[in-house]
Every structure is written in C-alpha cells, then in structure tokens.
Amino acid sequence: MKVKLLLGLLLLTSALTYAQTRDVSGTILDKSDGSGIAGANVTVKGTSIGTATDANGKFTLKVAADVNSLVVSFIGFISQEVDITASNNITVSLEASASELAEIVVTVGRGSQRTLTDTPLPVDNFSVVELQTTGQISFDKALQYRVPSFNTVNTPVNDATSLFDPYEIRNLGPSRTLILINGKRKNLTSLVYTQTGPGRGETGADLSAIPTDAIKRVEILRDGASAQYGSDAIAGVMNIILKDSYDATSVSITTGSTLNYGGLAYGVNYNSGANFGKKGFVNYHMSFNRQEPAIREDKIDALSDARDLTDNTPYSISQVQSYLQKFPDGNNKNGSPDNTSAKFLVNGAIPIGANSEVYFNSAYVYRKTQSNANFRQPYWRIDHGLLHTTNASLPDYTSNAYGGGVQPEFDIDKANGVYKGYIGYQPSFDGDLSDYNGTLGFRSQDIGGWKQDMSITVGGNKMLFTVNNTVNRSLRANSPVSFKPGGYSFNHVVGNMDFSKSVRDNFFVAFGSEFRTESWELIAGDTASYSGEGANSFPGFQQRNAIKATRYNIGAYLDLTWDITEDFLIAGTYRAENYSDFGAANVFKVTSRYKIGDTFTLRASVSSGFRAPTLHQQYLSLSQASFSGGEIVITGLSNNYSREAQLLGVPRLKAEKSSNLSFGFGFNPSRNFSLTADYYSINIDDRIIYGTEVSNAFVNNISFFVNAAETRTSGVDVVANYRNIALGSANLNVNLAGNYTLNNELVGGWQAVNDRIGLPIFSQTTEALLISSRPQYKFILGGDLTKGKLALNLNNTLFGPTKFNNADLSGPGDGSKDLGIEFLPKILTDLGLSYNFNTNTTFSLTIQNILNVMPEYEMKAMNATGESILNDPAAVAEQISYITFNGRYPILTYDGSHFSQMGTTFLAQLSIKF
C-alpha cells in the first residue's frame, strides 16, 4: 500500500508540464540611505520560490511567465509586494519597521527570524513552513522539533489518553501554558490526564486539533503573563495566527509510514478563499487524515509472566512457556493507535469604512481513535482470579459461562484448516472526539484616537468512549461484549473588550476586561460498563459520579508603556480577577528594555501570576483502571466536595500562585546574525497535585487533588540565527536553539508534601513525574540550504536525560524507592528535501530519525539496597520485568519517552496551487 501511494505521487508529479519562464532582476535598497541590502529575500508571491540579494543588493530570479507579483522582505524592514507585469527589471526601496507590542503577543512580519532581539520580552516566531519541514503530521509534534522548551510524551499504553497528549513548556505542565487562536483564548480539552506518567493530573488545550496548513505563524511568549491574559499563563503564552489573506487555492496530498513497524499515514488538505475590497478576505481549510496503527512485536519473558499471572506451579509454567513459544509476543499490540480525523476551519475579515472591520474565525474537528488494551492470554489471571490448577484446562472466555460473544483469536493450522484451540482475546478502546471554537469581533483603528477591539469567543471539547471485544465478568452470561463507558464534555464562552491609545509619542495606555463562563461534565456509562467489576480493561463511569459543574469569572487589566528615551522602555500591567468558585486574584507585571547602540538590547521582567483550579480537577470522581506489576488495580478518585474528602480532612482547591523573574539580552551585530539568551526563574506555591491513594478508618484507597506542592524552576533559553551564508550559487541559513533547566525542584521533597497535608499522598514516584520526567535540556541545530528550485533541511535534536522512579520498582514501602531509571541523552536527525517543479507545484520528502535512534534507559541506585540489586543480574532482570510488563514494553517502559519508539519514519507531500 505504501509503495502504491508513493508511486502514485511520483507519477502525478512526472505528468506535470513545465511552465515557460522568464528572468526578473533588480536591486533592493535601504530607503533611509539608498544603500543596497545584502541578503534580502525575493520570492514569488504565495510560494517558497525565491532568491537572496548579493552584497550590493542585486538579484536575478527565474520565474514562470504568468507570475505577476514578487514579495521582498528582510529582517527589520517592512515587506513589499511588487508588480512585475510591466517590467522584468525593478528597484525596490524598503522602509525600516518598528516593532509593535500588541496586548497579547508581539506581532511582527520579519521573515523567518524566530526570536526578536529588540523586544522587552522573549518571543519565538515560527512560520508554517518551518513547522511543515519537521515532517510531523500533527501540530503538537511539529512544535516538539522546533521549540526547545516545548515537550510532549510517547506512552506505550493508550486508551482515553490517545485523545490528549499532555505537552508543556519549561517543565510546568499543559495547565500552565495559555493557548490563543488569533489572540483569543482556546478552550480546554475535557479530559484530565490520570495515567501515572508525565502530565499526571493535568489538562490543557488540544493542540493536535489545530490543522497546521491553516496556520500563518506561531508566536510563543516565553515569560509569565498572567497580568496580561489571566489564568494559565504562568509558563508562557502560545498565540496561533491563522492565514489572513488569500493567495491561491492549494491542495496537498501526504503519505508516509514507519520504516519497520507499519503505521501507514495518508491525507489530503485543501485551502482556499477570496479577497475583497482593500482589506477584506476569507480563508478556509479542510483536511482529512488517517494514520493506521504502528505495531511493535516485543518478546514476552515466560518465567516472569508465569510468576505474575499464574499460580507459578510447574504445570502453569509449562503452559505459559508452550504458549509463548508459539506466540513470542503473546499476540500483544504495542504501538501507536489508529487515528482518523476531519478538520474544518475558516478565518476572515470584512472592512467597515477605512479604519474598522468585523472579523471572524471558527473551527470544528472530529477525531476517532482506536487503541488496544493488553492481549488477554488464556493464562492471564487479571480477569479476577480465574486461576487454573495442575488439573484444570485453560478457561474459554468466549463460553456463555464467562459472558460469551467475545471475538476470540484462534490458532489455525493453515495447511489443514484445523482448529487448534483458544488463544485469548484483545479488548479495544474507541474514542470519539469533537472539538470546536469560534470568534466574532469588531475592531476599530481610530475612534477619537482610541483603538478598540470587542469580541465573543465560544469553544468546546467532547469525548465519548466505547470498549469493544471484552466482557464484564460479574455479569457472567448476561454480559455484553461492547460497552459505552461514558465520557467528558467542556465548554466556555469568553467576552473581551480591549482599548488602547498612544496618548503621547512615548506613552501608551491599554485597558480592557474579560468575562468567561465555563461548564464541565462527566457523562456516566451504561450500567453494564460499571456494574460489579465493570468492563474488563476500562470500567465505565458510575452514575453516582456523573456531574455537570459551571462557574464564571470577570477580570480587568490596565497596561502602561513609557519610552523614557529612544533606548529605555519601561512597562507595567495590573490585573484583577474574581471567580465564582474560589474568589479573587490580583497580579502584576513590570517589564523593561534598554538598547545599547543599534546592536545590543538588555531586557528584564518581574511578575506575579496565578492559575485557577480547573472544573475538571475540582469535580472529577471516578474508578480508574491502572497497571501495577501486570495487575489491573481499581482505585478511586474522589473530588474535593465529596464525603470521602471530608472524612480525610481534604480542603477545597484554591488558585496556584506564582512569581516570575526573567532577564536576558538580544545581540544583532549584522542583518544576517542574531543571538538572544534569557534566564528565567518561576516559583509556584499551592501547586495542585494528583495524589496517590490513601486509607484510614473511614475510607480505603482514595486519591484526590490538593494544593500541596511548592516548586522552584529555573533555566536558560538560547536562540541564534545566521542567515544568508553564500555557498556559491546556494544560500544557507543556520539556527541553534536550546533550553537548559538549571533547577526544577519540589521544595522539601515528597516527604514535605505529606507533612504539609498530613496524609501520605505523595511518593518518590510522583515527585519524579513532577520535576524530572521531562528532558533536563533540549537543543535543536538546523540548517536550510536552497539552490534554485531545490531545498534541503537538516535538523538535529538533542534530548537530554529524564528520570523516573517507577512505582513497580523495589522500595521499602514508605514511598521511597531503591532504584530509579534514567533515559539517556539521544540525538535525532531529520532530513528534508523539497523541489519546486514550477511556481505551483512542490514535492517534499522528510525522513524523521534517519539514523533509527531508539529511547534507551539505565537503572540507577537510590540507596545501598539499590546498589546490591544492580550487582545481581538476576535481580536486575526481575526489576526490568516489573516496569516493562515482562517484556511487553521494553523500549518505553510504563513511563514513556519524549520521542517515538518507532524509529525511522517517512513522510512525502505533493502540494499544488491553482
């Protein structure tokens, strides 16, 4: 199938005819002094076809005969569109641009420059082309290979988590990064990530729902910004700018696969629209994508499986060995889920008079995923004590006695067609996700000298689950084989009013207000999904836990910016908010910038911040199926309004509080080179954590959310760009970006958390998930080489070490561990090639992880007992079996890695403009 699709793309490409061409030449000048600008970009409008000017500002470019416009741009200058219908020789004078600080994020049009060197805040700026060259299908994974401080996780077991991959900036979780679409707040996902992995207890916006091809650029403010935006902006703000003009109708066809494990991906993206009037436009996008599951076949250790899943008698051991000799992987499907999605998006603006407009955008995403639980081998006793003895046969789970109807796997002698016997069954988990957002607003540029922006935004996310090919053992013969275990829903409505004015040439005033309502719902499953033991592999949500919770908040801010001199700027923001459920919050921010000449800038900021507890965290109650030593353990999560919480003395949640400090510099000695470095320090008090299970005389194995942690995080971000390096007739751009975490600690350690709350809710395992489960550092070194119609992109991403203290490792039982594991630093190399056949047709091929690098971990001793274990190979093997489920997950363990266990992956794309 892969070969056929790739061959089809190549045949389609070869069938395209070359357009007649002509040469266009000219000179690009600096308007201020008339000198030539070296390294200015000259591109055909709406394409990546172009060239750079020489040392004297001159260029020559071969274009198709039907090309009418070129776009000329350079860092620090205002881009120009130039008509070339009347002449093949042009002279263009570019005017210097002044950076512009919007209320939300610095918005600039400075070519491919990523970080602005002359702003008072550290801001990354990525074009859609930079995201597409990663070769990643989803938007969140593309960011993983472009933003050093941004990380996602790859886990070996997928159920509801296949619908939300917890990401984070600066090791602070998805809940502490605010996501905006065209400057307006994006809705949260409805899911709380409850697995024992990075992001535990967190929620955030669904970044994978955003179609990459509909994006113009992405701006990431790497600084605390609660004063500007309200809750959630402790680590920073990501503003996703949608395409805001219509250049051409485009269609792109993609296909790809892993090298060794399948996982065929294919899709089509369509983008079109129209321009009207001087500034009016509408741009719309549709995409349909499918990614089939990529499956590893890892060998299971028979003796370990017999130890954990049977009575471990000689007869049982022989049965397990016999089964795994025939099926070494136990028929287990370890890999990525099946994923199908349809995405629709529209963005537009309608001018009203000369200075006003009505603007709008909306998006809808439907995604369906299917993942697999662990294969139920006949000897597996996880189905609640169905142990066989030396005289018993293996139970047939398809019989009426055990809820018949499960689609079993059978061993068939293909030569004779003879049924050999029952070999188990595979429960599956289906997730149906709907995510939508929309904004309608009015913007005016001049009403009595004031700019105003008024808007209303709606958004929502809903997940519904289905569990197939399994049974509820408690119901015996009455058990169905398909269950509806329930789901979640979240919605919000946001109203914004913003006003701003330059009251003097050097003094800027902005103020505004936001009103927001939120609603979150836990949807109960069908009765069969939760009765008794519940559906095997994923018990349903009980009716008694079903709830719909709402709240509202209102906030206002005042922002003042004063250019004391041409070089010295100082700005301050104050914000007050009031929430209906937990009360008030008041935060501030002070920012300053000082220029030393035209090439060096110092910048700093200090701020306070807050994060409101989500409705999810306040009201979620459920019975959760989780793995521990190969066993499914049903544990309870009670919300902070429950009777269980009252019996344990657990208080209701309140807002987290933060203090942020950052300072750095920007160095821009030439038009082609820039360097920025920024230090940050983020302290969070009353951080909300998802605790482990506790018991007392009144409750048994209950967990809950609680404000119990104090964390301190500090690090350094570095970004360097060197552009327009002439290599003969080729042009090279080199960039280096890195994030290094200097400190990420839980104040007082996990024991201090337990002392603070008075219950043993935290352990060394959960402490590691909070502070060391993300790379200590990540650096990205890339180069883009262009020569004529050919472009080459080479990216190297260094993932630093991550550390875990898995719950299944040896420990004395007091929350501490004898052993930990550390994933070792690894470099992943990606290679991208693209070729412009003409102004309308481009073919690209990206090879991700070209050297087929895999995650690798080592065990580390935490104490003397751990040292003795590491000196005993048999004991080490036993510990590894605990964290890999006896070999089912040998690469990622239960903890997960920050890059894929699937190795080398290919992605090809053919793009056509009309």
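Trainee: What pLDDT does the protein chain average, and what is pLDDT?

Mentor: The average is 85, and 88% of the residues score at least 70. pLDDT is the predictor's confidence in each residue, on a scale from 0 to 100. This is a predicted model, in which local features need pLDDT of at least 70 and side-chain atom pairs count only at pLDDT 80 or more, while totals for chains, interfaces and linings use all residues. Numbering runs from 1 along each chain as its sequence is written, and side-chain values use heavy atoms, with hydrogens and water left out.

Trainee: Which stretches have a pLDDT below 50?

Mentor: Residues 382–398 are one of them. Beyond near neighbours in sequence, that stretch still has 49 contacts in the model. A contact means heavy atoms within 4.5 Å. Residues 412–419 also fall below 50, with eight contacts of that kind.

Trainee: What counts as a helix or a strand here?

Mentor: Both are DSSP runs, numbered from the N terminus: helices are H or I with at least four residues, strands are E with at least two. By that rule the protein chain has 13 helices and 46 strands.

Trainee: What share of contacts joins residues 24 or more positions apart?

Mentor: It is 69% of the contacts with a separation of 6 or more.

Trainee: Why is Ser638 called buried?

Mentor: Buried means under 20% relative accessible area, exposed over 50%, and partly exposed in between, using a 1.4 Å probe and protein chains only. Ser638 has 8%, so it is buried. Ser638 sits in the loop between β33 (631–637) and α9 (643–648). Setting aside residues up to four places away in sequence, Ser638 touches Leu620, Ser621, Glu644, Ile702, Ser703 and Phe704. Its C-alpha lies 7.0 Å from that of Leu620, 18 residues apart in sequence.

Trainee: How do you know that Leu615 is buried?

Mentor: Its relative accessible area is 1%, so Leu615 falls under the cut-off. Leu615 belongs to helix α8 (residues 615–619). Its contacts, not counting residues up to four places away in sequence, include Trp520, Arg551, Asp581 and Leu620. Leu615 and Lys548 are 67 residues apart in sequence, yet 9.5 Å apart from C-alpha to C-alpha.

Trainee: What makes helix α5 largely enclosed?

Mentor: Six of the eight residues of α5 (residues 302–309) are buried, so the rest of the structure largely encloses it. Those buried residues are Ala302, Ser304, Asp305, Ala306, Asp308 and Leu309.

Trainee: Which residues of α10 are buried, and what covers them?

Mentor: In α10 (residues 749–757) they are Gly749, Trp750, Ala752, Val753 and Asn754. Their cover includes β35, β37 (705–727), β38 (730–746) and α11. Just after α10, Gly758 takes a positive phi of about 80°.

Trainee: Which phi does Asn171 have, and is Asn171 buried or exposed?

Mentor: Asn171 has a positive phi of about 60°, although it is not a glycine. Asn171 lies in the loop between β10 (168–169) and β11 (177–181). At 6% relative accessibility, it counts as buried.

Trainee: What share of the whole protein chain is buried?

Mentor: Buried residues make up 58% of the 914.

Trainee: What makes a space a cavity?

Mentor: On a 1 Å grid over the protein atoms alone, a cavity is a set of points where a 1.4 Å probe fits but cannot get out; lining residues have an atom within 4 Å of a point. Points are joined across faces, edges and corners, and volume is the space filled by probe spheres set on them. The search finds eleven cavities of 30 Å³ or more. Of its 19 lining residues, Gly199, Arg200, Glu202, Leu769 and Leu770 are closest to the centre.

Trainee: Which elements each supply at least two residues of that lining?

Mentor: They are β35 (673–690) and α11 (764–771). The largest share, four residues, comes from β35.

Terms used
On a 1 Å grid over the protein atoms alone, a cavity is a set of points where a 1.4 Å probe fits but cannot get out, and a pocket is an open set with protein on both sides within 12 Å along at least five of seven lines; lining residues have an atom within 4 Å of a point.
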